[in-house]
Amino acid sequence: MPPGVPLFPERASTVAGQVDALYAFLVAVSVFFSLLIAGLIVYFAVKFRRRTDDQMGEPITGALSLEIIWTIIPFLITMVMFVWGVRVYFTLYTPPEQALEINVLGRQWMWEFRHGTGQREINQLHVPVGSPVKLLMASQDVIHSLFVPAFRVKADVVPGTYRTLWFEVSKPGEYHLFCAEYCGTQHSGMIGKVVALEPTQYQAWLSGTLSADGGADESPTAAGEKLFVDLACHTCHRPDRQGIGPMLAGLLGTRVRLRDGSAVVADENYIRESILHPTAKVVAGFEPVMPPYQGRVNELQLLQLIAYIKSLAPQTAAAAVMPPQGQSAVTLPGEIPPGAAAAPPVPAPQLPPAEREGPS
Ligand code: CUA
């Protein structure tokens, strides 16, 4: 190992300690038993070696108590590993609800990050320290894998579905970001850095008008709202329960009953599927009349539509007639100082008023 390369990447997230503790336990158990077994092999080979040419081994008839012991002890140890591992796994795979959400698009060969306020970054991700960050990740082409060693988090980014990854950075700094799945000739160049800033600095960064590659876009929510109208989604998914499609306000994360009597949780992947292949899981009480949008919307647009649908909180459906002034649809755990967002505050999402007649 060349000098200066640390044995372990630094610990910079709230789960890093838990992951390392579990890892240390697994290594310790493995080392202990490896040494024990290797040592006993050598010891027994010497102790029970054949001393004369005609020496015969004693017949062995079994030892019940010994067999019970060497069954129970490994069982208990593996159960500790299992329960401990499951607890860490659930921590890693359950993003806190109030997490700051950032859209991630992986493609050959770069990482593209889009913040709720519209900032777009390539191979660089700015995040605040001390609050949970959730990445909603899609791939435009092949399987990639986002890996931040200092946070001890990694998740494959698979075409055709969404993966989420969350972390809470515990100290400011710059941390390496890798693609950890071979994805083509430039795979090794699909790297970048996470820049973790103190919350106030992060807000200042957010309020800056330029992103890494020179421009802030429309927020995903605002872009999604425009698409929602452009694709005429609003003619069927109306805010007043009168549409021929289900009402979408407050839908995300709820359980939905389907025509076949089963139920699903309306998460990002369900909504994605329902846009691309609407007849796959039709909501109870509705007809399978929606046309498929496979091939008509790309990954970026899907993320925008979902950001918009997510912003349709239940109460905003009632308030659709009169959007409260200055209320932002951007979900940040901390508040954004007024006027700080690069994009103009998105009004409480509203569907067009009832005079826009749907073909109901
Ligand atoms: Cu993307 Cu390797």
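Visitor: Starting with H126, is that residue buried or exposed?

Guide: H126 is buried, its relative accessible area being 9%, where buried means under 20%, exposed over 50% and partly exposed in between, with a 1.4 Å probe and protein chains only. This is a predicted model, in which local features need pLDDT of at least 70 and side-chain atom pairs count only at pLDDT 80 or more, while totals for chains, interfaces and linings use all residues. Residues are numbered from 1 along each chain as its sequence is written, and side-chain values use heavy atoms, with hydrogens and water left out.

Visitor: Where is H126 found?

Guide: H126 belongs to strand 4, which covers residues 124–128; strands (E, at least two residues) and helices (H or I, at least four) are DSSP runs numbered from the N terminus.

Visitor: And what does the side chain of H126 make a polar contact with?

Guide: The side chain of E121 is one partner, at 2.6 Å, and the side chain of W205 is joined to that of H126 by another polar contact, of 3.5 Å. A polar contact here is a pair of N or O atoms within 3.5 Å, where within protein one must be able to donate a hydrogen and the other to accept it, and residues adjacent in sequence count only if both atoms are side-chain atoms.

Visitor: Which residues does H126 touch, not counting those up to four places away in sequence?

Guide: With that exclusion, H126 touches I102, H115, E121, V195, L197, Y202 and W205, contact meaning heavy atoms within 4.5 Å.

Visitor: Changing topic, how many salt bridges does a search of the whole structure find?

Guide: The search finds 12, a salt bridge being a side-chain nitrogen of Lys or Arg within 4 Å of a carboxyl oxygen of Asp or Glu. Among them is the one between the side chains of D20 and R152, at 2.7 Å from N to O. D20 lies in helix 1 (residues 16–47) and R152 in the loop between strand 6 (144–148) and strand 7 (153–157), so this pair ties together parts that are 132 residues apart in sequence. Both D20 and R152 are buried.

Visitor: What does K310 meet in a salt bridge?

Guide: The side chain of K310 meets that of E101, with 2.2 Å from N to O. K310 sits in helix 7 (residues 299–311) and E101 in strand 1 (residues 100–107), so far as sequence goes 209 residues apart, and the pair links distant parts of the chain. K310 counts as partly exposed, at 26% relative accessibility, whereas E101, at 18%, counts as buried. K310 and E101 are also linked with K134 and E268 in a network of salt bridges.

Visitor: And K193, which residue does it form a salt bridge with?

Guide: K193 pairs with E174, the closest N and O atoms being 3.3 Å apart. K193 is in strand 10 (residues 192–197) and E174 in strand 9 (residues 173–179), 19 residues apart. K193 is partly exposed at 28% relative accessibility, while E174 is exposed, with a relative accessible area of 51%.

Visitor: Last, the protein as a whole: how many helices and strands?

Guide: The protein has 8 helices and 12 strands, and 39% of its 360 residues count as buried. Among contacts with a separation of 6 or more, 69% are accounted for by residues 24 or more positions apart.
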